[in-house]
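Subject: Structure handover and findings

Hello,

Please find the structure below. My notes on what turned up in it follow.

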Amino acid sequence: MFFRDEGQGSFRKMMPRDVGPILPGTSSNTEDNVQGAGWADYDRDGFLDVYVSLSGMGTDWLFRNLGDGTFAKISSSQTGIAADRAYSYGITWGDFDNDGWPDLFVPVIANGTHLLYRNLGGGRFARVTTGSIAADGEANSGKWVDYNNDGHLDLFVVHGLNPGKTNALHRNNGDGTFTAMPGDIVGPIVTDVGMYAGSSWGDYDNDGHLDLMVTNNDRNPGGGPNFLYHNNGDGSFTRIRSGSPGNDAGAASTFCTWADYDEDGFLDLFVARSVFVEFTNLLYRNNGNSNHWLKVKLTGTVSNRQAIGAKVRVKATIRGKTFWQMREVSSGPAFSQTPLTAHFGLGDAATVDTLRIEWPSGFVQEFRNVPARQTLSVTEPPRLSASVNSGIPVLALKGGRGFSYSVEASTDLRSWELVETLVVQDISGMARISLRDWPGINHRFFRARQSLP
């Protein structure tokens with residue numbers, strides 16, 4: 001099913017004629033079993049596309065957003081992906097090679113190894129067939145995360161749903177390859193044995209290092225607790241057995257997510273439990289501490305509106321050590337959606353030295369000396385370009401549909417005059433201004449500024 005947000009808190013259920021082949025199921029095979037959907041703008045045209053995973057007899061589906069509210073099914077011959085019978089659940093997108101193009105990880109539940117696709121740009125992908133990820137298999141979900149603050153996305157893989165499994169952490173080597181980390185380096189996150197289902201990463205104590213929650217899908221009433229791991233900041237983890245999240249019985253916990261539901265700057269935890277047995281879901285409120293934090297909420301204009309695929313980086317000095325942290329805005333694994341707001345723990349740092357935003361469009365912004373303990377909302381700036389048509393200068397503005405912009409001109413970059421105020425209406429996000437009536441001068445500078453509501 002597909003529901004479109006109509007605004008004012010209401011939704012409309014879409015029909016196949018409204019959105020195209022994304023509805024209903026596009027395979028005649030009745031054994032196909034749709035399991036999840038992962039959103040990403042894989043072609044970076046400003047519109048979110050979706051990969052749908054199946055656990056039946058067919059192959060997964062990739063739907064390209066055409067930008068007019070409809071989708072087209074993309075064949076494997078066009079992209080190089082979705083040709084494999086994946087039998088997959090929790091697929092996830094992430095730019096592991098830092099080239100700006102979202103790559104795709106498809107965990108295979110059984111009868112094969114995982115599928116990792118590198119996005120080559122231009123709508124084409126290449127499957128990665130060597131390395132630790134390609135050799136791994138039999139998992140139901142994965143999560144891209146920069147657990148060691150080196151600026152590269154690593155991959156954590158949950159090996160469920162059978163008892164006696166251990167999970168895997170594949171560290172990004174920074175050159176497009178990965179290393180499966182052993183327990184004597186990272187600790188119990190890869191040696192603990194359980195019946196796992198899902199995972200979620202979040203800096204729950206705001207010390208600048210991402211911690212981990214892994215759910216226990218043991219459906220027995222007396223089943224063991226979920227697995228909560230604290231990041232020690234040196235590349236290793238310690239299991240936390242005290243307190244509610246790490247001590248309560250798991251009792252058929254399936255998936256989980258960290259989110260600051262009460263907006264106090266500290267990540268709370270929600271755990272969903274199985275529909276096959278009658279257990280209630282779990283919500284844990286974070287009691288907090290004295291550590292600082294920063295949350296960054298992005299609105300894309302040239303990029304997709306949710307800014308999925310954007311990288312947010314902060315540099316701060318915490319406990320005398322200066323280092324970067326990175327979050328990639330993501331819809332998360334198919335079964336465990338994550339908030340689109342980037343959350344950073346800052347320890348004793350009252351100020352972020354540098355906040356860097358790398359938008360999916362390729363535009364980069366930096367802010368200096370950003371105060372902590374705030375939610376900062378940032379809207380992507382518009383793009384302004386110039387051309388000449390039949391001897392007449394024309395300005396082209398690329399911005400957000402429905403956004404208002406003021407285009408200004410200057411001869412010295414000091415004083416500016418208004419050229420025109422416009423509202424972008426075209427679905428492409430483009431608007432143009434003809435300068436036919438402007439007096440001839442040697443040079444002129446132009447800029448576009450978003451008009452405040």
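In which sense do strand β30 and β33 pair, and over how many bridges? The model is predicted. In it, β30, which covers residues 392-398, pairs with β33 in the antiparallel sense, and the pairing runs over 5 bridges.

Strand β31, residues 404-410, pairs with β32 in the antiparallel sense over 6 bridges. Within that pairing, S404 has V423 of β32 as its bridge partner.

Next, the aromatic side chains. Searching the whole structure gives 17 aromatic pairs. One of them joins W61 and F63 in an edge-to-face arrangement, with 6.2 Å from centre to centre and 70° between the planes. W61 has a relative accessible area of 7% and is therefore buried; F63 is also buried, at 1%. The pair F227 and Y229 counts as stacked because the planes lie at 15°, with the ring centres 6.4 Å apart. F227 and Y229 are both buried. Elsewhere, F96, F105, W144 and F178 are linked into a cluster by ring pairs.

Last, the surface. M1, F3 and F11 make a nonpolar surface patch of about 410 Å². Of these residues, F3 sits in strand β1, which spans residues 3-7. Is F3 buried, exposed or partly exposed? Its relative accessibility is 44%, so F3 counts as partly exposed, since that class lies between the limits of 20% and 50%.

That is what I have for now.

Regards

Note on methods:
Residues are numbered from 1 along each chain as its sequence is written. This is a predicted model: local features need pLDDT of at least 70, side-chain atom pairs count only at pLDDT 80 or more; totals for chains, interfaces and linings use all residues. Side-chain values use heavy atoms; hydrogens and water are left out. Two strands pair if DSSP finds at least two bridges between them. Helices (H or I, at least four residues) and strands (E, at least two) are DSSP runs, numbered from the N terminus. Patches are made of residues with over 30% relative accessible area and no salt bridge: like charges are joined within 9 Å, nonpolar side chains (Val, Leu, Ile, Met, Phe, Trp, Tyr) within 5 Å. Accessible areas come from the Shrake-Rupley method with a 1.4 Å probe; for residues, only the protein chains shown count as cover. A salt bridge is a side-chain nitrogen of Lys or Arg within 4 Å of a carboxyl oxygen of Asp or Glu. Buried means under 20% relative accessible area, exposed over 50%, partly exposed in between (1.4 Å probe, protein chains only). Rings of Phe, Tyr and Trp (its six-membered ring) pair if their centres lie within 6.5 Å; planes under 30 degrees apart count as stacked, over 60 as edge-to-face and the rest as tilted.
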